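Student: Can you walk me through this one? I'd like to go through it piece by piece.
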Amino acid sequence: MAQPAGPLPRWSVPLFFVVGAVSQYLGAAVGVFLFETTNPAAVAWLRAAAAAVVLLAWRRPWRRRWTGRQAWTAACFGFVTVGMNVAFYEAIARIPLGTAVAIEFVGPIAVATLGSRRARDVLAVTLVGAGVVLLAGVQTDVDRVGVVCALIAAALWAGYILLGKRVADAGAGLDSLAVGIAAASVALAPLLIGIQLAVDATALVEPRTWLYGAAVGVLSSAIPYALDQPVLSTIGRARFALLLALLPATAAVVGAVVLAQAPTTIEVAGIGSVMLALVVRATSEARPQQPPQQPPQPPAPM
């Protein structure tokens, strides 16, 4: 079975991370262009299907011996991941990309601080809450449905992290992701493609739809996950968590450059508050000694 890439030179880690993040949100931007003719849920399915093909070809998980429990956990992992992507795409069809990504971080911050009473963790929760209020609660023109979809994506991201830890502990993270996304893509095809058929079936006979869908899958899933492997083998959990603070800003820049979604002053403040929450959380996580066998935090959503 293919082994993860070896460690990188330390100086190159942020570069790999940023390239993966840019690729991920460029893929999301391509998905936004598809929204003109294709339902966001169908775009999410196209992304999942393309990602499943790439991940199955790369990982070849059939070479692993699977128990019934492992297969069931992988399927749940896949359904949560695809559901997260559907909610995220429904969100960015209605609100700016940077705003949606920032709101999504409610999920991992909540998981990371659940049950904690440390002052830094309480501060992180307060900051991310303030960021969401700035992004959604004090603006009269924000699309409430888009915000709700982003919050649903945040909740599913929390589930993704919890399930991701289980499959990581079993040593089958990417293999489980490949199997799970493939299973979810097949099982959800009638529903997600059926929505598109009910709205406009002609979009599914256009080569552009499938070409863009494949691009979204490669840019937002295959490339970031391939780049995450050497990054995660080089740095620890705390530093990876710190690098996650770059994601909201990266999404905002991609949204501004590619989609002309220039953030307002309030949106910049909200995104900045979420980024600060991630930095606070990462520095809090760095304080106690982490046992070497503890798996790193799973990467950002696909």
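Student: Before that, what kind of model is it, and how are residues numbered?
Tutor: This is a predicted model, in which local features need pLDDT of at least 70 and side-chain atom pairs count only at pLDDT 80 or more, while totals for chains, interfaces and linings use all residues. Residues are numbered from 1 along each chain as its sequence is written, and side-chain values use heavy atoms, with hydrogens and water left out.

Student: How many helices and strands are there?
Tutor: The chain has 12 helices and 0 strands. Both are DSSP runs numbered from the N terminus: helices are H or I with at least four residues, strands are E with at least two.

Student: And how much of the chain is buried?
Tutor: Of its 302 residues, 52% count as buried. Buried means under 20% relative accessible area, exposed means over 50%, and partly exposed is in between, with a 1.4 Å probe and protein chains only.

Student: What share of contacts comes from residues 24 or more positions apart?
Tutor: Among contacts in the chain with a separation of 6 or more, such residues account for 89%. A contact means heavy atoms within 4.5 Å.

Student: Switching to charges. How many salt bridges?
Tutor: The structure holds 4. The criterion is a side-chain nitrogen of Lys or Arg within 4 Å of a carboxyl oxygen of Asp or Glu. One of them joins Arg59 to Asp175, with the closest N and O atoms 3.0 Å apart. Arg59 is in helix α2 (residues 40-59) and Asp175 in helix α8 (residues 173-200), so this pair ties together parts 116 residues apart in sequence.

Student: Are those two buried or exposed?
Tutor: Both Arg59 and Asp175 are buried. For Asp175 the relative accessible area is 1%.

Student: What else does Asp175 form a salt bridge with?
Tutor: Asp175 also pairs with Arg64, the closest N and O atoms being 3.2 Å apart. That link again joins distant parts of the chain, since Asp175 is in helix α8 and Arg64 in the loop between α2 and α3 (68-92), 111 residues apart.

Student: Where does Asp121 come in?
Tutor: Asp121 forms a salt bridge with Arg118, closest N and O atoms 3.1 Å apart. Asp121 is buried at 1% relative accessible area, whereas Arg118 is partly exposed at 36%.

Student: OK, helix packing. At what angle do α1 and α3 pack?
Tutor: At about 65°, with their axes 10 Å apart. The axes are lines fitted to C-alpha atoms, for helices over the stretch in contact, and angles run from 0 to 180 degrees between N-to-C directions.

Student: Which residues make the contact?
Tutor: Gly27, Ala28, Gly31 and Val32 from α1, and Phe88, Tyr89 and Ile92 from α3.

Student: Which residues form the nonpolar patch on the surface?
Tutor: Val18, Val22, Leu26, Phe33, Leu246, Val253, Val257 and Val258, with about 580 Å² of accessible area together. Patches take residues with over 30% relative accessible area and no salt bridge; like charges are joined within 9 Å, nonpolar side chains (Val, Leu, Ile, Met, Phe, Trp, Tyr) within 5 Å. Helices α1 (13-34) and α11 (246-258) each supply at least two of the patch residues. Leu26, in helix α1, counts as partly exposed at 31% relative accessibility.

Student: What is Thr99 in contact with?
Tutor: Leaving aside neighbours within four places in sequence, Thr99 is in contact with Leu135, Glu267 and Ile271. Thr99 is in helix α4 (residues 97-104) and counts as buried at 3% relative accessibility.

Student: Last topic: which residues other than glycine have positive phi?
Tutor: Arg60 has a phi of about 45°, and Ala260 has one near 60°. Arg60 is in the loop between α2 and α3 and is partly exposed at 37%. Ala260 is in the loop between α11 and α12 (265-286) and is exposed, with a relative accessible area of 66%.

Terms used
Areas by Shrake-Rupley, 256 points an atom, 1.4 Å probe, with all protein chains shown as cover.
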